[in-house]
Amino acid sequence: MRNHWAEIEKYLEDQKIAQELIGELRDFHMRYEVEDQVKERVEKPDILFYGKKILEMSIAALLQGDNLLLSGAKATGKNVLCETLAWIFGRPEYDISFHVNTDSADLIGTDTFINNEVRLRKGPIYQCAEFGGFGILDEINMAKNDAIVVVHSALDYRRVIDVPGYERINLHKATRFIGTMNYEYAGTKELNEALVSRFLVIDIPPVNEEKLMMILKREFPCTDEEKLNQFAGIF
């Protein structure tokens, strides 16, 4: 954990994140260990999110136990932020990509036959709740209402999931959910107020040229700056 945290701390300090938040994050790591069977789900993303204000807002909300809903146009870094948050909190990541055919069984799980017994094959929401993961609900506004309604009790103050015919699942104290959504895409719809009220909504601003140049320089430190400027101009 020490080497892992040292890399996270350096990233946070480079982003000039408030020391108070860094200290609370360190306590979070110490308080919630990751179980061995899901440690492979905790990994550093290939690309990290850059943006002090959005990062601090997101970290503070997650430390308070809130779930996040990230909205904004395409290519603003919503999924990059999700992966970065899971990494800096040191939690296993579960990615759930919603589409028009997603149903409750895809989220919670479904019955399967193993060794002459009917057992529940656990879905990503179930596993996220069980192991204290960060559940990334990608394109949440593409899901059908009957798919989302099964996680309403997990997203509010109750923090439980009732699986019909099985036990009641109490969410691990480290479990958080982060939804992402793009507006006005084909197949998307307006989210109802009952669902939105279960999240802290953060609008991700478009990437400006200064931020894009910072990302390019970090990813390609040996590349000529004039060429990077050309790439930024194309973007």
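Mentor: Two strands pair if DSSP finds at least two bridges between them. Helices (H or I, at least four residues) and strands (E, at least two) are DSSP runs, numbered from the N terminus. This is a predicted model, in which local features need pLDDT of at least 70 and side-chain atom pairs count only at pLDDT 80 or more, while totals for chains, interfaces and linings use all residues. Residues are numbered from 1 along each chain as its sequence is written, and side-chain values use heavy atoms, with hydrogens and water left out.

Trainee: Over how many bridges do S1 and S9 pair?

Mentor: Strand S1 covers residues 68-71 and pairs with S9 in the parallel sense. Within this pair, Leu69 has Val201 of S9 as its bridge partner. The number of bridges between S1 and S9 is 4.

Trainee: Which strands are the edge strands?

Mentor: The open sheet has 5 strands in the order S2-S5-S8-S1-S9, with parallel pairing. An edge strand pairs on one side only, and here these are strand S2 (93-97) and strand S9 (200-203).

Trainee: Which residue of S8 stands opposite Ile136?

Mentor: Strand S5 pairs in the parallel sense with S2 over 5 bridges and with S8 over 4 bridges. Towards S8, the residue opposite Ile136 is Ile178.

Trainee: How many residues of S5 are buried?

Mentor: Buried means under 20% relative accessible area, exposed over 50%, and partly exposed in between (1.4 Å probe, protein chains only). In a regular strand the side chains alternate between the two faces of the sheet. Phe134, Ile136 and Asp138 on one side of S5 are buried, as are Gly135 and Leu137 on the other. The count of buried residues in S5 is therefore 5 of 5.

Trainee: What distance separates the end C-alpha atoms of helix H3?

Mentor: The expected span of a helix is 1.5 Å times one less than its number of residues. H3 has 12 residues, so its span should be 16 Å. The end C-alpha atoms agree with this, being apart by 16 Å.

Trainee: Which residue has its backbone oxygen 3.1 Å from a polar atom of the side chain of Thr175?

Mentor: Thr175 is in the loop between strand S7 (168-170) and strand S8 (176-181), and is buried, with a relative accessible area of 0%. Contact means heavy atoms within 4.5 Å; not counting residues up to four places away in sequence, Thr175 touches Cys128, Ala129, Gly132, Gly133 and Arg159. The residue with its backbone oxygen at 3.1 Å is Cys128.

Note on methods: Polar contact = N/O pair within 3.5 Å; in protein donor to acceptor, adjacent residues only side chain to side chain.
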